[in-house]
Amino acid sequence: MTSSTPAAQRIAAGYRTTAPAVVLGSVVIDGTADPTALVRMALPMFNRHGLVAGATGTGKTKTLQLIAESLSAAGVPVVVPDVKGDLSGLLEPGRPAPAITDRAEQTGMPWSPQGCPVEFLCLPGAGQGVPLRATVDSFGPVLLAKVLDLNATQESTLGLVFHFADRAGLPLLDLADLRAVVAHLLSDAGKQDLTDLGGVARSTAGVILRAVTNLSAQGGEAFFGEPEFSVTDLLRRAPDGRGVISVIQASALQTRPVLFSTFLMWLLAELFEELPEVGDVEQPELVFLFDEAHLLFADASAAFLQAVQQTVKLIRSKGVGVFFCTQLPTDIPGPVLSQLGARIQHAVRAFTPDDQRALSTTVRTYPVTEDYDLARALPGLGTGEAMVTVLSESGAPTPVAWTRLRPPRSLMAPPPAEALTATVAASALRPKYDVAVDRESAYELLTGRLAEAAGRAPAAPPAAVPGPGAPPGPVEWPSLVPPENPYLGSGLDLDPVSPPVGGPTAGGSTGGGLGDLLGSPVLTSFVSSFGAALGGALGRSVSGTRRRRRRR
């Protein structure tokens, strides 16, 4: 049912803009939608962040789909996790249905089916897509502590372990590297190194070692390593100018939600480190839709929460917008919630005393309105309806609008399996990321030093052979004395050295002399490892991730 009312037109006037905008839907007054009273969000305001909230089954996922495809059509790249599998439908045109036609008429939308340019990503072994990997060093101690479920003391100790690896020239690329470094610090040969770190208890280091081992046993080993995903590959546009939507497959990770949500935070932190300052822009460089955001903040340490708060606060100046999606606004910490300029609140269920308190809190987060009794309206919203307020171009909140949201043009269901498989197979990113690389890093360096030390040691009497069932003896890592590094503390902005490109010529000659030396795998491995180790001197970001040279 539709009609035009003065109240609906007055509310819609607060959403008018001269800038390009995403149309979310139409204003509802007394249960009736006005298809001429449109609720818009200007593109320049998308980097002021937002919140999509609501109970299960109220339409949050379809709202994310609408936002993603609308931004893509405007030329804005989007990142969105696909937790339940249905956001993959962005790939395919939608299917006409009476309910879609009716909703389109109510929201003043000339609906036609249209798919979007989609890139599928996934954590290795956890779905179909280009593999997302991060090195342990890049992931950093703050985010890794969240994945390992460490307490504050253990988190600070993990930070010292990273510091030791940096100073000792031991690149931490995968979990094997981290296990090797912690095992060294727990060995007799590493006692002095552990003491030099200061304030590190052997028991705490032991807890970290067990947590890393457990993560590896649960398949976490596959997620860390090289080639590391470059976040600049999220900032792509299709040949027709539409923004590429990077859909991160996550349905296979529902049993490990903390790992997945923390990987998303790593991507966001990397974007903050990589992108240049752009200030206010006509449209965002990228919009990051963070589904199931409550998983990110559950049981988070103070350092982790501070990292998220600072990243969200500062990344706006890089042209990146972040929309958190969760069931209740109270799932988001207050300092983060205060940074979110747009609110799209689907129905709130108030069945328990806790629900009623959450409803009361949600009402207080909205501007005062005379058009709706929010305490009554929020529980009464229908599927695909939301209470909306965003920031206008002047930076002031728009009037609260009961909004009937537009239907997505893309498929509101998983795509055919063959279409998804073909899209993944045709990805231009596959040659870059498909094959894992295991180059020399901390594990190989420590193992090599152990073997070297064993080769120089004088012959010792044969050790007694332990009986069946006897526990193995401790691993004796040689003590490490890091070489003097003239670049430590220099403040130089140095990129890791890339290995030389080259090889045999078409005629089979290697070039001889210097050409042989530069093409040597030994030298290539040394240069790569030295570059990674040298990067350890350059400091870490507020999220604990490795600082990088920013794009100019």
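Modeller: Before the details, a word on ground rules. This is a predicted model, so local features need pLDDT of at least 70 and side-chain atom pairs count only at pLDDT 80 or more, while totals for chains, interfaces and linings use all residues. Residues are numbered from 1 along each chain as its sequence is written, and side-chain values use heavy atoms, with hydrogens and water left out.

Now to your residue. T369 sits in the loop between α13 (353–364) and α14 (374–380); helices here are DSSP runs of H or I with at least four residues, strands are E runs of at least two, and both are numbered from the N terminus. T369 counts as buried because its relative accessibility is 17% (buried is under 20% relative accessible area, exposed over 50%, partly exposed in between, with a 1.4 Å probe and protein chains only). Setting aside residues up to four places away in sequence, T369 touches L374 and V400, where contact means heavy atoms within 4.5 Å. A polar atom of the T369 side chain also lies 3.1 Å from the backbone nitrogen of D371. That makes a polar contact, a pair of N or O atoms within 3.5 Å; within protein, one must be able to donate a hydrogen and the other to accept it, and residues adjacent in sequence count only if both atoms are side-chain atoms.

D371 counts as partly exposed, since its relative accessibility is 27%.

R236 and E119 meet through their side chains at 2.5 Å, N to O. R236 is partly exposed at 23% relative accessibility, whereas E119 is buried at 8%.

The side chains of R357 and D354 form a salt bridge at 2.1 Å, N to O. R357 and D354 are three residues apart in helix α13, so about one helical turn separates them. R357 is exposed at 51% relative accessibility, and D354 is exposed at 52%. Elsewhere, salt bridges with shared partners join R48, D280 and R316 into one network.

Now the sheet. 12 strands form an open sheet with mixed pairing, in the order β2-β1-β12-β11-β10-β3-β9-β8-β4-β7-β5-β6; two strands pair if DSSP finds at least two bridges between them. β2 (32–42) and β6 (130–131) stand at the edges with a single partner strand each, so one side of each has no neighbour in the sheet. β1 (residues 21–29) runs antiparallel to β2 and is joined to it by eight bridges, with V28 opposite A33 in β2.

Further in, β10 (residues 342–345) is covered on both faces: A342 and I344 on one side and R343 and Q345 on the other are all buried. β3 (residues 50–53) runs parallel to β10 and is joined to it by four bridges, and R343 in β10 is the bridge partner of L51. β10 also pairs with β11 (residues 385–389) in the antiparallel sense over three bridges, where Q345 stands opposite M387.

For the whole chain, there are 19 helices and 12 strands, and buried residues make up 52% of its 552 residues. Among contacts with a separation of 6 or more, 77% come from residues 24 or more positions apart.

Definitions and conventions
A salt bridge is a side-chain nitrogen of Lys or Arg within 4 Å of a carboxyl oxygen of Asp or Glu.
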